[in-house]
Amino acid sequence: MSPRTARTRARLMAAVALAATLLGAAGCTSDGPSAASGGSGASGSSGSSGSSGGGPKQQEYKEGRLRVLASSELTDMEPVLKAAKAATGVSVDFTWSGTLDAAEQVASGKADGRYDAIWLSSNDYLRLRPEAASKLANETPVMSSPVAVGVKPQALARLGWKPQEVTWSAVEEAVAAGKLTYGMTDPVHSNSGFSALVSVASGLSGAQSALTDADVRTAQPRLREFFKGQKLTSGSSGWLVTAYAKRGDVDALVNYESVLLSMNDRAKEPLTVIRPKDGVVTAHYPLTLLTSAPAGARESGRLLTEYLRGDAAQKAITEKTFRRPVAAGVAPAAGLDGERRRELPFPGSRSVADGLLASYENELRRPSRTVYVLDTSGSMAEQDRIGRLKSALTDLTGSGSSGTGERFRDREEVTLLPFGDKVKQVLTHVVEPGNPGPALEAIRGDVGSLRPEGGTAVYGSLKAAYQHLGQGNADAFTSIVLMTDGQSGDKVQDFDSFYAGLPEGQKHTPVFAVLFGDSDRKELTHITELTGGRLFDATDGNGSLDGAFEEIRGYQ
Amino acid sequence: MRRILGIALAVLLIGGVIAVIVIGGQGPDHTPTKSVRGVIGSEKSEFFRDPDVTKALAAKGYTVKTETSGSWAMDQLALKEYDFAFPSSSEPAQEIETAAGVKGAQTTKPFFSPLVVIARANAAKVLADNGLVRMSGKNSGTLLMGPYLKAAEEDRNWQQLTGANAFTELAGRVFIKTTDPATSNSGALFIAATSNVANSGTVVSDDAGIARTAPLLRKLISVQGALEPSTDDPFRAFISGSGEPLILAYESQVASLLIQKQATGEAADMVVLYPDTTVNSPHTFVPISEKARELGTLLATDPKLRELAVRHGFRPQEGVAEFTAATAPYPGYLNPGLTGIRQVGAPTVKVLMALAARAKGQGDTP
């Protein structure tokens with residue numbers, strides 16, 4: 001299998017593992033779906049929001065159950081879709097996906113027969129792939145929400161901003177002056193991050209029409225300044241909100257207006273939601289049937305879209321999710337400001353869109369410092385766990401021709417920290433911009449030399465990871481990935497007190513733990529909650545470790 | 001030839017006999033229904049979803065299920081799965097017939113709807129003050145294609161137009177948000193009309209004409225960035241209060257809102273601009289399977305279905321009086337007589353597709 005195929009397969013497996021059945025969510029807590037309220041970081045023992053659903057691995061179309069590849073922020077549609085099921089008999093099985101991933105799956109034909117419909121915030125990127133055109137049948141915009149900036153009232157006061165007057169340029173200037181920090185999702189993995197990136201690039205380039213390569217080049221210096229202020233990144237909107245709430249020292253969030261207003265609805269201290277005066281990119285959530293879907297599924301899709309475009313559903317949508325209705329005669333929910341904004345055009349060519357993403361990944365965003373704390377105890381020899389670990393890590397090094405998001409980023413510092421009874425080694429490589437080959441090669445070499453041997457000193461090794469990150473560049477996205485296949489042999493109390501004693505800045509480094517083999521869910525949940533990380537489930541078959549590692553990339 | 005005619009006659013006769021048996025044997029209340037599935041331009045989906053349309057069709061023995069597609073992309077679909085295709089103009093009908101293997105099928109043209117540009121009130125006012133639009137009432141006017149295309153040619157931004165600075169949303173290049181001219185009917189017809197104006201008022205018919213008009217068409221399309229596959233998306237964006245200040249739509253989309261008394265909120269303030277030069281083309285029904293052979297004629301001639309077509313804003317064949325009467329209670333938005341609008345011919349499908357490709361930056365436009 002070529003690395004590229006292996007990679008796509010891994011993603012598919014991850015997507016499948018994350019399949020969440022909305023209708024099965026009847027037993028959910030009254031707070032609504034867990035991802036909307038922040039995933040595992042906040043919702044107790046439920047574990048990773050997506051993977052805890054235990055969705056079916058790969059399913060045939062069943063009468064009246066649409067299989068939908070969707071943007072993760074649509075978890076908030078649960079009540080509306082419940083009512084839709086009652087009215088139409090049609091239910092929805094979601095599989096969450098970012099824009100690029102969904103575009104790849106649809107354009108390559110991998111979505112054929114696997115999904116009946118896609119429901120992303122926008123199909124604009126997808127349509128830049130010419131192969132995708134023949135894959136899309138009915139396309140019905142259901143609701144809309146612009147990208148906005150939610151700012152803490154104190155920050156607003158400090159900056160002396162009038163919300164109606166704020167522009168993307170003003171935001172950039174505030175960041176450059178060291179007066180504003182914010183969180184935003186990863187454009188490669190999350191639809192909202194991608195829309196935000198396009199908004200910011202259009203706003204800061206001063207482009208009067210659709211972005212061109214030249215506009216992106218012109219905007220580079222200001223974009224770099226802008227992204228210096230990004231202190232939080234995330235693979236999904238839900239986790240971003242959780243992480244933001246935990247941090248307390250981040251001034252603002254860039255996300256869809258609907259996400260920010262929903263968050264305010266539950267928050268003690270609401271953010272002021274600003275739609276920048278110089279323009280926004282608006283998502284219209286087209287529910288899009290695939291031409292490959294069986295006729296029955298297409299008919300179900302038609303019933304569902306018809307229902308969703310009806311007045312009752314439109315009213316419920318705007319009141320429950322703070323998106324704007326697309327039916328004339330249904331008023332937007334209270335709190336949705338009616339003042340108009342210029343719509344910033346989405347790039348019309350793939351080279352511009354991909355160029356912008358690549359630039360974000362490799363040049364504009366703050367670099368990442370990533371530590372992989374890897375259990376290489378004796379038990380990893382069982383069932384070729386070590387082999388699966390090696391393959392999952394090797395996938396992340398990509399190949400010479402890897403696209404954006406398919407390998408460790410330029411400027412990224414990657415550390416492998418294999419452990420048994422104690423830390424065995426600390427192996428660090430930095431991916432050199434313009435010359436990523438040697439570091440990626442070196443990482444592959446280190447991965448190849450991992451040997452299963454010894455016990456499982458999870459906590460001591462985590463400490464070593466924090467200590468490693470405590471030295472070196474502090475101006476980076478730091479994160480720790482913990483992969484273990486068993487129970488820890490050392491003491492949690494030691495780690496808890498160690499963590500409590502860390503300087504405040506270091507406490508912001510989250511641990512993303514991967515459930516694998518016989519690992520202890522409770523133990524790992526404790527670690528992710530303590531550090532503000534998230535749990536990923538890879539206990540679900542052969543490809544799921546690749547999938548989990550791949551998904552975690554959005555958080556690093 | 002005689003032989004073919006003979007067979008055709010026989011088919012007609014048999015058809016007639018069956019029809020007699022069906023009608024005579026069952027009576028109007030128990031007509032067995034033919035279930036037909038069609039692919040339609042998205043602008044007609046609300047028409048086919050209307051319970052009264054369902055009822056009127058059922059009374060004539062039809063259960064109709066529809067799916068939408070860009071009219072110019074229908075020939076790419078697996079057409080064998082459908083009983084009919086109903087693109088939004090006559091031009092793509094031939095390609096569809098060929099692709100479906102039913103060349104020479106009896107197509108019908110039940111109704112049409114002219115293209116309009118829907119503008120927010122602020123945008124229309126600024127355009128009028130700068131000589132790009134002639135207002136004919138508070139909510140209607142004519143888009144002057146000559147001055148508009150000149151502004152596009154010169155890369156005019158809203159900020160350069162007198163009076164635009166008062167409105168936050170009026171910034172950036174002045175453009176009309178169209179659909180993808182290569183796949184969607186409204187986008188293709190817009191290219192047809194603008195190429196005519198750019199070609200000094202004559203239909204583009206050769207490579208020289210393509211070369212002459214392509215650079216301007218490229219501008220009209222490239223400034224928009226990503227293109228939508230149907231008018232529904234920009235129109236819904238407009239209604240939701242987002243999107244561009246000038247969007248290309250069909251008159252039917254506006255008329256149906258008015259007639260169904262839904263022109264409230266954002267929609268109430270819209271200004272409907274009729275381009276002074278336009279290409280009108282009727283929605284064309286292409287039967288693919290035998291089951292749907294008569295459906296087109298039924299849609300075109302049945303009085304109830306014609307009335308319902310008007311309810312959804314369409315103009316039935318020879319139906320100016322019906323349309324005018326139905327929209328009379330909602331004056332101020334529409335131009336029922338299409339007065340002052342110059343109707344021009346469309347280029348051939350081949351030329352039009354070449355223009356669309358060049359407009360999208362494919363082909364050899366520098």
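This is a predicted model: local features need pLDDT of at least 70, side-chain atom pairs count only at pLDDT 80 or more; totals for chains, interfaces and linings use all residues.
Visitor: Start with chain B. How many helices and strands does chain B have?
Guide: Chain B has 14 helices and 13 strands.

Visitor: And how does its radius of gyration sit against the globule rule?
Guide: The radius of gyration of chain B is 22 Å, close to the 21 Å that the globule rule gives for 366 residues, so chain B is as compact as a globular protein of that length.

Visitor: What box do the C-alpha atoms fill?
Guide: Roughly 70 × 45 × 30 Å for chain B, along the principal axes.

Visitor: What percentage of chain B is buried?
Guide: Buried residues are 52% of the 366 in chain B.

Visitor: What about contacts between residues 24 or more positions apart?
Guide: In chain B they account for 75% of the contacts with a separation of 6 or more.

Visitor: Domains next. Where are the bounds in chain B?
Guide: Domain 1 of chain B covers 36-110 + 284-327. Domain 2 covers 115-280 + 333-359.

Visitor: What separates their centres?
Guide: 25 Å, taken over C-alpha atoms, lies between the centres of domain 1 and domain 2 of chain B.

Visitor: How many residues does each domain put into the contact?
Guide: Domain 1 of chain B puts in 24 residues, and domain 2 of chain B puts in 25.

Visitor: Which elements give two or more residues on the domain 1 side?
Guide: Helix 4 (91-100) and helix 13 (320-327) of chain B. Helix 13 of chain B gives the most to that side, with five residues.

Visitor: What classes of residue are there?
Guide: The side of domain 1 of chain B that touches domain 2 has seven nonpolar, 12 polar and five charged residues.

Visitor: Now the five-stranded open sheet in chain B. What's the order?
Guide: The order is 6-7-9-5-8 in chain B, and the pairing is mixed.

Visitor: Which strands are the edges?
Guide: Strand 6 (133-137) and strand 8 (246-250) of chain B. Each pairs on one side only. Neighbouring strands of this sheet are turned by 30 degrees against each other on average, direction ignored.

Visitor: Strands 6 and 7 of chain B: parallel or antiparallel?
Guide: Antiparallel, over four bridges; strand 7 of chain B spans residues 140-143. B:Met135 has B:Gly141, in strand 7 of chain B, as its bridge partner.

Visitor: Which helix packs on the sheet?
Guide: Helix 5 (residues 121-129) of chain B. Helix 5 touches strand 5 (115-119), strand 6, strand 7, strand 8 and strand 9 (271-275) of chain B. The direction of helix 5 makes about 120 degrees with that of strand 6 of chain B.

Visitor: Over to the chain A and chain B interface. How many residues are in contact?
Guide: 39 residues of chain A are in contact with 40 residues of chain B.

Visitor: Which elements of chain A give two or more residues?
Guide: Strand 5 (136-141), strand 6 (143-151), helix 10 (295-308) and strand 13 (324-325) of chain A. Helix 10 of chain A has the largest share of that side, five residues.

Visitor: And the classes on the chain A side?
Guide: The side of chain A that touches chain B has 14 nonpolar, 11 polar and 14 charged residues.

Visitor: Why does A:Val241 count as buried?
Guide: Because A:Val241 has 30 C-beta neighbours inside 10 Å, and 20 or more is the cut-off for buried.

Visitor: What separates A:Val241 from A:Glu361?
Guide: Their C-alpha atoms are separated by 22 Å, and the two residues are 120 apart along the chain.

Notes. Residues are numbered from 1 along each chain as its sequence is written. Chains are lettered from A and ligands numbered from 1 in the order in which they are written. The radius of gyration is taken over C-alpha atoms; the globule rule is 2.2 Å times the number of residues to the power 0.38. A residue is buried if 20 or more other C-beta atoms lie within 10 Å of its own, exposed if 12 or fewer, and partly exposed in between; C-beta atoms are placed from the backbone. Two residues are in contact if their C-beta atoms, placed from the backbone, lie within 7 Å. Ala, Val, Leu, Ile, Met, Phe, Trp, Tyr, Cys and Pro count as nonpolar, Asp, Glu, Lys and Arg as charged, and the others, Gly among them, as polar. Two strands pair if DSSP finds at least two bridges between them. Axes are lines fitted to C-alpha atoms, for helices over the stretch in contact, and angles run from 0 to 180 degrees between N-to-C directions. Domain bounds come from an automatic or database domain assignment.
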